[in-house]
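Here are my notes on this one, point by point. Have the viewer open while you read.

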Amino acid sequence: MALNLKRKRAGDLESRKNPKLDEVMDVNSENEEHGENESAHEDSEDSGSEGEEWNGLGKDVEMQDARNVDPSSSKSKNPAPTGEEVRAIRDATDLYRSSSFKLQIDALLPNVRPKLSRAPPLEKFLLKLHTFLMQLPAVEPQHPLEAARKLLKKGVAVPYCLPLPIEDTNWKVSFEKPEDITLVGSWPNKVSVKAKDGLKYGVDVAVQMPDGLFQEKDYLNARFFQKKAFYLATLANSIRNSKSGLNVDVSYESTAGDPRLTKLVLTPKADGSATDFTKLNARVCIIPTISTSSPISLHRLSPSHANIRVNSGEEGVHHPSPLYNNALLTSYSPKLHLLAMYNHIQSIPAYADALTLLRIWANQRGFGEGSKLSVKGFENAGNLWPALLELVISGEEPSSSGAVNRKPLGKGLSSYQLFKAALSCLAKHDFIKNPALVKSTATHKFPASEYQEHCSATLVDSSSLVNAFAYVPLGCIDMIRHEAWKTLQTLYSSSLAIDPFTDVFLHDHRDVATRFDIVFQVDLSKAKARKLSPHESLDFGSATNHLLYNMNAILRKALGDRIHAVVFLQPSSTSDVPSTRPLTQAYPSTSSTIFVGLVLNPTHAFNLVHLGPAADSEDTAALAEFQELWGSKSEMRRFKDGRIAESVVWDVKTADERSHVPAMVVRHILQWHFGLSEEHVQTWQSAYDSVIRLPKEIATKYVRGAGSAMGFKGAMQAFDRLVKQVKALEGQIPLSLVNISATSESLRYTSAFNPVPLTQSLAASLPPNARYLQPINIVFEFEQSAKWPDELKAIQKIKLAFFEGIATGLMNSVPGTKASVVLGSGDITDANELMDKAYLEIVTPEGWAFHARIWHNREATLLDRILDDHGPMPHVVVPKKRKQAERKGKEYLDAQEAKEVYDRRFIHAPRHHRAVAALSHQYPAFSGTCRLVKRWFASHWFLGGHVSEEVVELLCAQIFVLDGKYVGSDADIPENTLSVVPSTKERGFAMIMRFLSEWKWEEGGLYVCLYGPKKEGEGEGETGAKKVEPKASSGGVWTVATEVDKDGKVWTKGGPDGIVARRVRALAGATWSYLQTIENGTFNVQGMFIHPTQDYDFVIQLNPFVLPRYVHNIAANEGLLGKGKFANARAKDQDQDIVLPGFDPAKSLFTDLQRTYSDTFRLFADPYGGDAFGAVWDPTLKEPRPFRVLGGFSSVPVKKESEKAKDKGLVALNDAGVLGEIERLGSGLIKAVVKQR
Amino acid sequence: MAPSTSTTVVNGFTLLPVSHPSSSTHYIYARQHVAPKKAEASTSKKADLPAGRTLFLVNVPPDATERELVLLFKPCGTVEKAILDFDVQESQEDDDSDSEDEKEAEEDAMEDDAGPSSKRRKVVKQEVPKVVPLPKNPQRTIRKTGLTAYVIFLDASSLERVSSLASKTRQWPVSSEEPSGLAHYSTVYKNLRPPLDSIQEHVDTYMELFEYKLAKSKQKSKYKKGEAVVDEDGFTLVTRGGAYGKTLGGGVAVATKRFQRSGETSARVRTKKDKGEKEGFYAFQRAEKQRSELINLKRKWEEDKAKVEKLKQSRKFKPY
């Protein structure tokens, strides 16, 4: 070994003499050799020579030649990375979000690109097409209508656009073979991106029409377009001809539904020939173009030029036609775009990848084609993305006003950096106010001010003059801005439940339910604009486009700061309304329904008053405009501060209705401006409301009986009154009351139903199965005192005395109050004497019921003493056996249970209550979301028995608190942040459903920042990495941690267990996919809350007449909510107490059955007035097994197979016996037990 | 479903079919109670479960009451008493713990456990206060299914007659005093809300008893104030209190709880002195550090790579 080292040193000296070739390599090889050196040093250790070892670590030896190292060193497990590797790794971590982000991007990109191995047939086809087109014979010039008639005979309609040619036009259409045929668009540059929903890749072929066909004045009155249309029709006719040998289906397609931008679409017929490119899933589009050398002069096409000059009202006045001009310019652009993109790809290495990422992002958000709802205006926005990237890379054209403009970015950025820059440009640049003109080498032909004046939103790329935003309604531009902002937030934030990469690129975000606060389905077939401008319609090229664009603009104006975006959605191509049309059809067909989505701004969305200009304002134009916008809704009003102003006021009767204000605005505007009445505009808000409301008949009785003091507000007031009354008892009870805290969902706005009071007289007017009174839980906290006994059982007894004192005191001081001391829950759990179980039941004169408990913190210490591992004297070693024995002992088990209840009831519940109540105040939609989600959990038979109400609140809270930055802060939350959280309960509900269907609780828990942002380095290791072992029957599997509950088990200890949690996921998935059917109009809100019962082994049907809560049933039968059967039964009611707070025998039966048969079957029920329980047997019990004394289930001996067989004493589940027992336990309650399997 | 006109025996248990209600059959497993072999365990148990005339039952219906069991076994002979849900106490006594007096203490505790309602102490000492029970209508207790129970007959001969019950399915005697079903829940609801004055009385008497017991245990206790307690081996008893604990009589100090738990004397952790060697002082240290950083970098990279590769396998990267 020593020899070896010496040799190495010699080699090293040699290498030192050589000049260093490459600095970088040297550094890296240094590192590398260091590693090898170390292992060499390890080897040398047994030689025992100190000096050698030291040298081994020295700098000198590090320079040794790698070849000299003995082979054993290469076996070392973690060799230092080579220079190349280091560079790659460093790049990945520095230039991307993280190194794994880069790897994920690398894995993603190949999946969205076409398979080049399938391209050869396409190439052959294109070659054939080229030859064929170049040989086409010319067609003599003829009158346009005559030419059209000739073609129509052959079955090809000429897609002439408005204004149509007439008989006395004096120009002619003709055809000559193309001057040039070029492959354009993303295909030749190899940046094609797979489209959504299996739509085809587009291969664009630009066919340049000869200059000779055109004249200088052809830009006028759509003459150019008519000539183009004829050219296209002729091409279509000849390609379709079987003699062409091309064997393709030919159809028309119009970009953005504009007939002026019609192109030919060739789809291959599968014939297996050499030119059959069916497998590539592509289609060839033929776009007629024109060269810049044509006689038409470009300067005539600036946005301010008026090029449609027919029948305008006033003589001699011509309105500018920016869109028309833009459409004409589009015919120049394909080749220019191709070249520009090619240059970018050549000069910027990451350009192609960035473009692909951007388009995946857009596709996933519906800014592209798709057979699901996509954002209107972006269907054919293929040019938008390169233009956007160009804007980011090259910067903006300096404006004449000298404003600060976007500066160019470097060319060496990574794909991710470019992608992020493009998004941030989208998010921050207001394309509507500031037209963006990409900086180009030559100056732009038309100044930005012209665009600003005549176009709504502008993005013009460097090479051409086309506005990429020309067809996009303004609201949809708001939407892409909003989406970009949202994505940036996701990329910046570090503590989200979902992986940012998945969220940004892999998830489909096109669903309307989670994206928009309010969704409308509008039937356009009867829509008629109140004011129609024929000129604008001509400029738009199609009446539908014009209508939609206008509708969007008016809605946007009317909604104003209520919204972030008003978006129109329509699938770009479905089987009913395909984007392509047969050649016989000259004009694109349009779908008559459109979806409107609103993203609300909750700070203003629900304002009842919209203030217009003051009545005495000078600006009469503004006044007229306001009146024109609002029509009959606009009224002159005098306000409290003395102002008199034109204004719009929305009438709202209940708190629920307030969230309908934006919908009211939309309905009014559509009615006033477009004549669309109620039945043409559909929303689902009221349907959601009815899910958490009492049946109408009962509700009116409550309103009559209790007046306005109902709902959460009423409950709060009742609570405040009670606090005052109890505090006034000072002196009558031995200790003074320090604090009364609430722990009830009725006092934090999250109970599924509005809390209602119930007085004796009101109860008498209600049917017996609607007389449920939900008690409100509160906690009393007394001052510290040494007078308490220092023993748990005695403490529980003393509590009784306190309750008795308060009860007597209250009944004396407040007439009409009824108070009684309740000893416990009335089942077997009462046997635990260490546990806090008694409470005080107070029914106020107004009919509110409260359940009050006493929190005495000495209990915790006493319980801990029993539970403590060490016992009172930690240094005394307790024999292990005895310790185990204690573990099994009744006292220990009781104490354990008691401590759990204590912690949950007195420590966690009040804290949770305060946090949730604060959240309800902060976010208006939070309470509604909780209520809907609770209703969902209840109606699918999970709530109560398996999923606690608190954990539902936590799950809902997580989509509101986000990373907890704004928790408990009084500062205004930025509007952008507010737009990410749902502003209506419908959206919140959909988001939770989506979350539940996707949540992988097996892989890690959830951290909810309910109490403020997550602290650095906390919880990551515990909640993030901890895996939950899927066990069949091991308590709850969900981990929902908060700052005060690091383990995340306080609210999920009792369930759901693995089986139930999987069931929740499956049902949420089903609900989620049902939510998607909003798109095809078969959606019914109540359907999501109807539980399928056929999966259960047996169903226990209850008698709805005896259930006090039946009124809460999701599908309560109004007929069953009638009066009792007999008139004299009612008379009997008068005498006895019929207000029984919290009396719910169905729930008691459920808990009894669940506890009694916990090892026999799993029971499910709807706590909100469900009239059936469902149960599933434990499948293992059906197998015969040896008899055990503590088997824990009701069994029957299995008969021997034959007389000879040995009697093994096997037993199996006695299912018939169990069902009989259930029927007996619930006699009077149970109508029938139906065995289903 | 109803088999057995003949007796079935499973693992030494006689099968007693009962129909309850008439439509379905429930099976109770019965066996003569055999006292556990462990000698000392039997001492305490013998009194409760006399061998020879105790019947051990398994799988009693979850809502069965003592009265119903008595009625069921009436044909075999007079039943002294029926005990339901014995298993908790049973498991407690499974341990083979040590001293006799502890046993006694435990027994005492057990009697206390039996609850105030059944409190009937032997009047050994002078006027022990009695707890007034809360008024209560009879109600059932619904226990876990697969319940065990003991039936103690007056006469040992009754046991033999039990097997004759097995010959045919018998009707379960339903006691009408304790309601079931909906009526049961109404009763429970009422029982839980006793009149306020009775609560007052109940708590007052309970506290009297509590005070009495407290005083009693104080009297019994060996510890007197101001006197150190030294046991026969010469150890002084020390309890917690003061800064370092105290002996009851004073004198010897005892360590704090913190010290006992952690072995540390105070909350202040003494800052350790710097290590003799400075970090990054020698070139090799720096090189070493740099190298290990790079290795870590690569390891993380490889890990990420593997993770992404795994996801790739599951086709996760197909966005649509």
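1. A term to settle before we start: helices here are DSSP runs of H or I with at least four residues, numbered from the N terminus. Keep in mind too that this is a predicted model. With that in hand, go to helix α9 of chain B, residues 283-313, which holds both Arg299(B) and Glu303(B). The two sit four residues apart, about one turn of the helix. They form a salt bridge, with 3.6 Å between the closest N and O atoms. Arg299(B) is partly exposed at 40% relative accessible area, and Glu303(B) is partly exposed as well, at 48%.

2. Now the overall make-up of the chains. Chain A has 40 helices and 32 strands, and 56% of its 1237 residues count as buried. Chain B comes to nine helices and nine strands, with 37% of its 320 residues buried. As for surface, chain A exposes about 52,500 Å², 52% of it from carbon and sulfur atoms. Chain B exposes about 19,800 Å², and carbon and sulfur supply 52% of that.

3. On contact range: take the contacts in chain A with a sequence separation of 6 or more, and 75% of them are between residues 24 or more positions apart. For chain B, 67% of the contacts between residues at least 6 apart join residues at least 24 apart.

4. Where do the two chains meet? In chain A, 109 residues are in contact with 84 residues of chain B. Together the chains bury about 8,300 Å², with 63% of that on carbon and sulfur atoms. The polar side of the interface has 16 residue pairs in polar contact, both residues at pLDDT 80 or more. Helix α28 of chain A (residues 792-813) gives the most to the side of chain A that touches chain B, namely ten residues. Four salt bridges turn up across the interface; one of interest joins Asp63(B) to Arg1224(A) at 2.7 Å, N to O.

5. For salt bridges in general, the search over all chains finds 57. Asp218(A) and Lys227(A) meet at 2.9 Å, N to O. Asp218(A) has a relative accessible area of 0%, so it is buried, and Lys227(A) is buried too, at 6%. Asp641(A) and Arg643(A) meet at 3.1 Å, N to O. Here Asp641(A) counts as exposed, at 54% relative accessibility, while Arg643(A) is partly exposed at 43%.

6. In chain A, Lys799(A), Asp836(A), Arg853(A), Glu859(A) and Arg905(A) are linked in a network of salt bridges.

7. Which helix of chain A is largely enclosed by the rest of the structure? That is α16(A): 16 of its 19 residues are buried, so the rest of the structure largely encloses it. The helix runs over residues 474-492 and reaches 27 Å from its first C-alpha to its last, close to the 27 Å expected at 1.5 Å a residue.

8. Last, a look at Arg987(A), in helix α35 (residues 985-998) of chain A. Is this arginine buried or exposed? Arg987(A) counts as buried because its relative accessibility is 1%, and the cut-off for buried is under 20%. Leaving aside neighbours within four places in sequence, its contacts include Lys486(A), Arg515(A), Phe516(A), Asp517(A) and Pro982(A).

How values were computed:
Residues are numbered from 1 along each chain as its sequence is written. Chains are lettered from A and ligands numbered from 1 in the order in which they are written. This is a predicted model: local features need pLDDT of at least 70, side-chain atom pairs count only at pLDDT 80 or more; totals for chains, interfaces and linings use all residues. Side-chain values use heavy atoms; hydrogens and water are left out. The expected span of a helix is 1.5 Å times one less than its number of residues. Buried means under 20% relative accessible area, exposed over 50%, partly exposed in between (1.4 Å probe, protein chains only). Contact means heavy atoms within 4.5 Å. Accessible areas come from the Shrake-Rupley method with a 1.4 Å probe; for residues, only the protein chains shown count as cover. Buried area is the accessible area (1.4 Å probe) that two parts lose on being put together, summed over both. A salt bridge is a side-chain nitrogen of Lys or Arg within 4 Å of a carboxyl oxygen of Asp or Glu. A polar contact is a pair of N or O atoms within 3.5 Å; within protein, one must be able to donate a hydrogen and the other to accept it, and residues adjacent in sequence count only if both atoms are side-chain atoms.
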